[in-house]
Amino acid sequence: MGNYFSDIYRAITTIAVGMGQTWKAMFRPATTLQYPTVRWQLPTNARGILFNNVDDCIGCNKCVRICPVQCIYMDTTKAHADEDLGKASTGNPIRQHVVRFDIDMFKCCYCDFCTTVCPTECLYMTDEYENGVFSRDNGLYHFSKYSPQEALALLKRDAEEAQVKAKAKEAALAAKNKGSKVPA
Amino acid sequence: MFGNLFKKKRFVFEDEGMMVLNMDQAAGRYHEEAMKKLEIESYQGDEMVVNMGPQHPSTHGVLRLELVIDGEIVKKTTPHLGYLHRNFEKHAENTTYNEVIPYCDRLDYLASMNQDLGYALAVEKLMGLSELPEKVEYMRVLTCELNRIASHLVAVGTFGLDIGAFTPFLWAFRDREKILDLLEWLSGARMLYNYIWVGGLARDIPDGWLAKTREFVDYFEPKMVEFNKVLTTNHIFIERTADIGVLPPEMAVSYGCTGPVLRGSGVKWDLRKNEPFSYYDKLDFDIPVGKGEFGPLGSVLDRYLVRIAEINESVKIIRQALDAIEPFVEQDVQAAIPKKIRPAAGSEAYVRSETPRGELGFLVRSDGSDVPFRVKGRSPCFHNISVVDDISRGGMIADLVLIIGSLDIVLGCVDR
């Protein structure tokens with residue numbers, strides 16, 4: 001019986017202590033934010049949606065290779081000797097047309113590996129984090145500065161050049177084989 | 001599969017002894033088989049098979065428990081796993097050594113830093129990297145302990161929530177937010193950090209981060225006192241939790257339990273002390289163990305109290321690490337990162353480390369290429385959840401909710 005009453009007494013006193021704490025908490029400023037109107041200030045190095053400053057991109061393919069989830073798609077074509085694509089802001093010469101640079105932000109795991117390997121630091125993560133979209137296509141971000149027609153033309157040119165090169169190689173090989181056969 | 005939906009109607013024939021027939025024969029047969037499978041020796045009364053989860057809020061994730069219950073009394077619990085299986089080990093065999101780290105983050109997503117450290121230590125052992133800059137080691141300790149506090153805050157907060165204490169849960173999450181802000185400032189991400197790399201760290205410390213951490217620790221200690229006043233010392237809370245879910249130390253050891261679950265049963269085993277990794281041997285801290293002050297040793301309350309005490313120990317470690325890192329802040333955190341990670345063919349390393357949930361082991365085997373041949377993760381949660389049947393038998397369903405909360409499982413870690 002004594003135990004019963006002591007239990008009740010201890011329960012009431014400990015609850016009173018706890019309620020005292022919550023009473024104090026009532027007069028503290030709120031720790032929550034009214035989100036859509038008031039926004040959190042993210043740190044400058046926050047990892048949000050990827051962005052590629054394609055003017056600086058040299059098409060080195062490093063980000064594509066290191067991505068653990070393969071969410072970056074890149075196509076490049078070699079520039080001709082008479083085409084001057086200039087230099088990236090870090091001084092690296094640009095020798096390739098980046099005809100396609102797409103990032104699927106639905107696949108991205110925000111690991112930040114691609115930005116650490118980027119030699120010209122043109123690929124970086126913005127502090128934008130609200131990437132909810134209405135269609136799946138909108139999650140694919142296109143960064144190339146070439147229009148689809150231009151990209152197609154460049155790719156076609158590249159394929160043709162490769163064909164010409166392959167033919168020349170074949171011819172050279174045939175000539176070599178022919179030449180080797182003559183003395184025998 | 002659906003048998004548990006039908007409550008059995010029984011007809012007892014006296015000449016055949018206890019023979020059970022069912023209105024729905026198929027359901028009845030399932031039920032009988034389920035009973036046989038679950039090794040119920042004799043069934044009397046009104047036993048039922050009921051599924052708890054995988055969408056149950058108190059299972060803390062996608063855990064399905066198949067319960068055999070008699071009214072409110074739990075007769076048998078069978079955890080069913082695999083709902084969050086993401087094939088970590090096979091993924092790891094197809095990516096380079098560094099690229100496994102983002103996958104490690106996602107094992108135990110409440111304590112990603114500790115998972116990263118476990119994997120990084122394993123690969124460093126494989127590479128023979130032992131001497132790292134002091135700044136790297138102290139930062140690893142710092143971030144891991146911050147993450148341990150954040151993880152334990154979730155554990156104790158949701159534990160309170162499971163028995164209806166809502167205020168401590170919000171207070172725990174308020175302080176956890178502060179830790180996540182600190183780690184976000186440091187690594188850029190709030191939960192999946194990818195910060196601890198093999199041989200170093202992903203980024204240098206931002207200016208003012210150490211001072212802000214010290215500020216946080218000063219802010220946090222009084223908050224923990226408040227938290228204890230609201231929940232830990234509450235007499236009703238103590239009476240509710242002190243004598244349920246009793247896990248004797250012998251059973252804890254034989255099941256391979258680690259972390260606060262083992263220490264709650266009074267076994268003093270912590271890899272930070274017993275097998276020190278990183279710089280834990282240079283720091284002074286205690287290992288809290290359960291004492292059974294309010295009831296039998298190894299109860300739900302003991303595990304909770306161990307976590308509360310561990311939070312305070314982590315604060316102590318953070319203070320020491322903050323002091324110790326001062327002379328080394330000029331060091332380069334990426335100085336010791338190997339250019340190429342290609343361990344010798346056939347070499348193998350197993351490293352275990354202490355995460356907030358217990359002993360995390362990584363076995364890494366190399367075949368000489370830059371892709372691991374095999375990565376095996378030993379998850380502490382998987383071993384901890386295996387005791388749930390033994391310690392929940394004979395208790396109430398409401399106690400089972402508390403038991404799961406006190407085991408503090410993360411399903412990402414259980415299923416991998």
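This dialogue discusses how to read selected features of a predicted model.

Me: How many residues of chain A are in contact with residues of chain B?

Reply: An interface can be described by the residues on each side. Because this is a predicted model, the totals for interfaces use all residues. Here 22 residues of chain A are in contact with 19 residues of chain B. On the chain A side, helix α1 (residues 2-26) of chain A gives the largest share, with nine residues. By residue type, the side of chain A that touches chain B holds twelve nonpolar, six polar and four charged residues.

Me: What span should the 25 residues of α1(A) have?

Reply: One compares an expected span with the distance between the end C-alpha atoms. At 1.5 Å a residue, α1(A) should span 36 Å, and its end C-alpha atoms are 36 Å apart, so the two agree.

Me: How many of the 25 residues of α1(A) are buried?

Reply: The count is two, so that helix α1(A) is hardly covered, a residue being buried if 20 or more other C-beta atoms lie within 10 Å of its own. Helix α15 (residues 397-407) of chain B is mostly covered, with nine of its eleven residues buried. Among these buried residues are B:Asp399, B:Leu400 and B:Gly405. After α15(B) comes B:Asp408, which has a positive phi, near 55°.

Me: Why does A:Val54 count as partly exposed?

Reply: A:Val54 has 16 C-beta neighbours inside 10 Å. That places the residue in between, because buried requires 20 or more and exposed 12 or fewer. A:Val54 lies in the loop between β1 (50-52) and α2 (62-66) of chain A. Neighbours within four places in sequence aside, its contacts are A:Val98, A:Phe101, A:Phe143, A:Ser144 and A:Lys145. A:Ile8 is 46 residues from A:Val54 along the chain, and their C-alpha atoms are separated by 71 Å.

Me: What share of the residues of chain B count as buried?

Reply: Of its 416 residues, 46% count as buried. Chain B has 16 helices and eight strands. Among its contacts with a separation of 6 or more, 70% are between residues 24 or more positions apart.

Me: Into which domains is chain B divided?

Reply: Chain B comprises domain 1 (3-80) and domain 2 (88-415), with bounds from an automatic or database assignment. Between them, 15 residues of domain 1 of chain B are in contact with 18 residues of domain 2 of chain B. Strand β3 (residues 73-80) of chain B supplies seven residues, the largest share of the domain 1 side. That side, which touches domain 2 of chain B, divides into six nonpolar, six polar and three charged residues.

Me: In what order do the three strands of the open sheet in chain B lie?

Reply: A sheet is read from its strand order and the direction of pairing. In chain B the order is β1-β2-β3, and the pairing is antiparallel. The edge strands, β1 (47-52) and β3 of chain B, each pair on one side only. From one strand to the next, the twist averages 20°.

Me: How many bridges join strand β2 (residues 64-70) of chain B to β3(B)?

Reply: Seven bridges join these antiparallel strands of chain B. As one residue pair, B:Glu66 has B:Thr78 in β3(B) as its bridge partner.

Key: Residues numbered from 1 in each chain as written. Chains lettered and ligands numbered in written order. Predicted model: local features only at pLDDT ≥ 70, side-chain atom pairs only at ≥ 80, totals over all residues. Contact = placed C-beta atoms within 7 Å. Helix = DSSP H or I, 4+ residues; strand = E, 2+ residues; numbered from the N terminus. Nonpolar A, V, L, I, M, F, W, Y, C, P; charged D, E, K, R; others polar. Expected span 1.5 Å × (residues − 1). Pairing = 2+ DSSP bridges. Axes fitted to C-alpha atoms, helices over the stretch in contact; angles between N-to-C directions.
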